[in-house]
Amino acid sequence: MRPAVVEDEAVIAEIAQAAARARAGSPAARRRARVVRAKTDKDFATRLGFVEQTQSDPNGFERIIGTSNLLAINFLDRGRRSADAVCRIKLPMEGGHAYGTGFLISPRLLMTNNHVLASAAEAAQAEAEFGYEHDLDGVLADPVGFNLDPHTLFITSAELDVTLVAVAALAESGRPLDRYGWLPLIPMTGKVVDGEWVSIIQHPNGDPKQIAIHASQVLKTAASGPGGDRSNFLHYSTDTEPGSSGSPVFNDQWQVVALHHKAVPAPQRSANAPVEWIANEGVRISAISRWLERSRFEDENARRALDQIGRAMGFPPLVEPAVSASSLWPTEQYAPFRQTRWKDPEIGYRPDFLSKAIDLEPIYRARAKAGDVAPLREGAGHELRYFHFSALLHARRHFPLMTAVNIDGANLVRPAERKDTWRQDARIDPEYQPDDNFYVRTRAEEKVYFSRGHLVRLLDPCWSHATDSEQRKADGIRGMEDSFHFTNAAPQVQSYNDEDWGNLEDYILEKAQSSTRRLSVFTGPIFRDRDPWYGRQRTGGPWQIPLSFWKIAVLQKTDTQIVAAAFIVGQVEYVRALYEAKIYSGLKPYSIEEIRSRKLQTTIETVEKQTGLDFGALKRFDAANALESTRRTRWIARLDDISI
């Protein structure tokens with residue numbers, strides 16, 4: 001199937017020029033130009049993160065820059081395995097059938113084009129036929145048909161020309177669907193670069209399965225139509241046939257880089273001139289992932305689709321359907337503390353707490369200049385100072401930008417009783433801080449809702465140098481009460497809890513073989529433009545929900561030596577640090593159970609890139625940065641995995 005799309009003339013001209021450039025010049029000249037680009041272009045550097053190690057594919061880099069055509073022999077085996085997940089879509093039409101192509105992206109979820117299956121009603125009549133291909137002896141196998149199940153899951157986008165639909169687990173013959181495998185989707189950009197060859201597995205004209213290997217060269221990413229997003233589409237040379245719509249487009253590691261959906265026509269010289277097709281267009285997998293992520297908390301089908309895609313890669317759902325018990329606790333929002341509570345000059349994060357002074361203002365200075373840090377009332381600066389910690393709020397996102405806490409392991413005071421006394425802070429305007437109208441379920445009916453997640457843990461500021469027992473008890477209560485401010489809370493998702501997140505400080509202290517050391521911890525969400533929206537029915541909504549969190553712990557290891565460790569926790573499959581971890585390579589150096597932990601030890605520099613904060617000279621104390629290895633990001637699943 002090929003949609004009738006009116007192209008933007010400027011876009012067509014740009015694609016035509018790219019196609020002409022690809023054909024122009026000698027192959028040697030084109031290769032030399034790409035070698036120069038490879039040394040300077042960040043897209044090439046990103047692409048290398050997805051290339052196999054030289055032991056398994058010695059010519060991977062040379063192939064990307066166009067100086068080699070050699071492929072590892074396992075390229076054929078992997079391609080054959082990938083082809084199993086590609087199927088023919090058969091839709092009854094007046095006078096016969098219409099055909100398209102689709103492919104499994106999880107054990108029960110199929111992807112194709114919106115113009116192949118535009119509605120749940122169409123999907124209910126359609127069938128996915130697997131195995132319609134010639135075998136080794138040239139014998140054509142009968143297709144194995146599976147009913148589609150749009151009642152379980154169906155989501156579509158005409159803008160991106162993509163449809164995701166559930167598939168029945170068994171064919172009418174009893175054959176299970178999971179025999180055909182699936183093609184995992186990598187949500188990050190950088191899986192392919194301009195000039196690289198791509199392969200397409202398809203059912204052209206509804207015929208038996210075919211493949212175009214290294215017959216299409218990436219030309220350029222461009223918009224499809226006026227005002228389109230240039231990052232959404234990929235263009236590559238040569239044409240496919242009607243019926244190829246919905247085919248997966250692969251790079252050399254058999255990672256799906258795009259969903260093929262149409263051919264691009266050349267500008268017509270006259271009304272009667274025949275149509276000339278100059279390129280193909282595919283929808284980037286990263287664009288499809290962004291679309292689903294933005295809808296995660298507002299569209300149940302988007303959430304289910306992302307959960308299935310995540311499970312197919314070994315990740316549990318980000319938000320479990322079960323209700324969090326803490327979200328159902330009876331709650332009472334307490335009144336803000338009086339201003340007299342904050343008169344103590346000793347409150348707040350102390351820069352000189354460790355042997356190396358770490359000032360807070362330089363860390364967020366650039367973000368403050370950009371207007372990203374919410375100001376306090378009456379021109380009192382940006383830092384909200386509490387008992388042993390400080391917090392800064394993001395001016396637009398209305399959650400903490402970061403927190404900083406000093407922890408004295410030798411003088412911890414555990415409060416006798418936990419009391420959830422959540423309250424706003426009167427020192428900053430309410431518009432910058434959520435309250436129970438955001439967190440409490442009864443304030444609005446949502447399919448998903450969140451717990452109040454401490455950034456500075458309840459026990460972190462609960463310590464005292466007082467010798468009087470009553471004063472020590474009072475200090476412990478004060479630290480606990482200050483931690484229950486909404487200015488110290490962020491929506492809690494999946495593994496952001498005491499066991500997977502808060503106890504990292506404990507791990508580090510134990511790694512140093514002491515629980516009496518001093519520690520300064522900096523924490524915050526990772527805010528991204530593509531974060532999902534939530535709470536249109538709630539006061540102050542809608543809100544964008546951060547899916548990942550960072551933590552930098554600085555430990556006083558000896559009387560004169562400090563050491564730092566950086567961590568990212570949450571939906572880490574979207575963190576660029578995973579390029580170093582290479583979990584998506586065919587060799588998969590990490591097990592599924594290790595991946596499930598969703599915890600990374602990474603570098604301070606990586607956190608800086610993700611947040612726009614500046615930790616300056618602290619980077620030279622980074623335990624991971626000091627490792628003489630190209631892989632300075634790694635999963636942590638147990639105590640001994642941490643390097644500090």
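1. Seven strands make up an open, antiparallel sheet, arranged in the order E5-E4-E1-E2-E3-E7-E6. Strands here are DSSP runs of E with at least two residues, and helices are runs of H or I with at least four, numbered from the N terminus; two strands pair if DSSP finds at least two bridges between them. The edges are held by E5 and strand E6 (154-157), each with a single partner strand, so one side of each has no neighbour in the sheet. From one strand to the next the twist averages 30°, where axes are lines fitted to C-alpha atoms, for helices over the stretch in contact, and angles run from 0 to 180 degrees between N-to-C directions.

2. This is a predicted model, in which local features need pLDDT of at least 70 and side-chain atom pairs count only at pLDDT 80 or more, while totals for chains, interfaces and linings use all residues. Residues are numbered from 1 along each chain as its sequence is written, and side-chain values use heavy atoms, with hydrogens and water left out.

3. Within the sheet, strand E3 (residues 109-112) and strand E7 (residues 162-166) run antiparallel and are joined by four bridges. Thr 112 has Thr 163 as its bridge partner in E7.

4. The whole structure contains 21 aromatic pairs. Rings of Phe, Tyr and Trp (its six-membered ring) pair if their centres lie within 6.5 Å; planes under 30 degrees apart count as stacked, over 60 as edge-to-face and the rest as tilted. Phe 75 and Trp 254 form a tilted pair, at 4.9 Å centre to centre and 40° between the planes. Phe 75 belongs to helix H5 (residues 74-83) and Trp 254 to the loop between strand E11 (248-250) and strand E12 (256-265), so the pair ties together parts 179 residues apart in sequence. Both residues, Phe 75 and Trp 254, are buried (buried means under 20% relative accessible area, exposed over 50%, partly exposed in between, with a 1.4 Å probe and protein chains only).

5. Another pair belongs to the sheet strands. The ring centres of Phe 130 and Phe 146 are 5.7 Å apart and the planes stand at 85°, so this pair is edge-to-face. Phe 130 lies in strand E4 (residues 127-130) and Phe 146 in strand E5 (residues 144-147), so the pair ties together parts that are 16 residues apart in sequence. Phe 130 and Phe 146 are both buried.

6. By the rule used, there are 30 salt bridges, each a side-chain nitrogen of Lys or Arg within 4 Å of a carboxyl oxygen of Asp or Glu. Glu 133 and Arg 80 form one of them, at 2.3 Å from N to O. This pair links distant parts of the chain, with Glu 133 in the loop between E4 and E5 and Arg 80 in helix H5, 53 residues apart. Glu 133 counts as buried at 12% relative accessibility, whereas Arg 80 is partly exposed at 42%.

7. A salt bridge also joins Glu 300 and Arg 303, at 2.7 Å from N to O. These two residues are three apart in helix H8 (residues 300-312), so Glu 300 and Arg 303 are separated by about one helical turn. Both Glu 300 and Arg 303 are buried. They also take part in a network of salt bridges that links Glu 293, Arg 296, Glu 300, Arg 303, Arg 304 and Asp 307.
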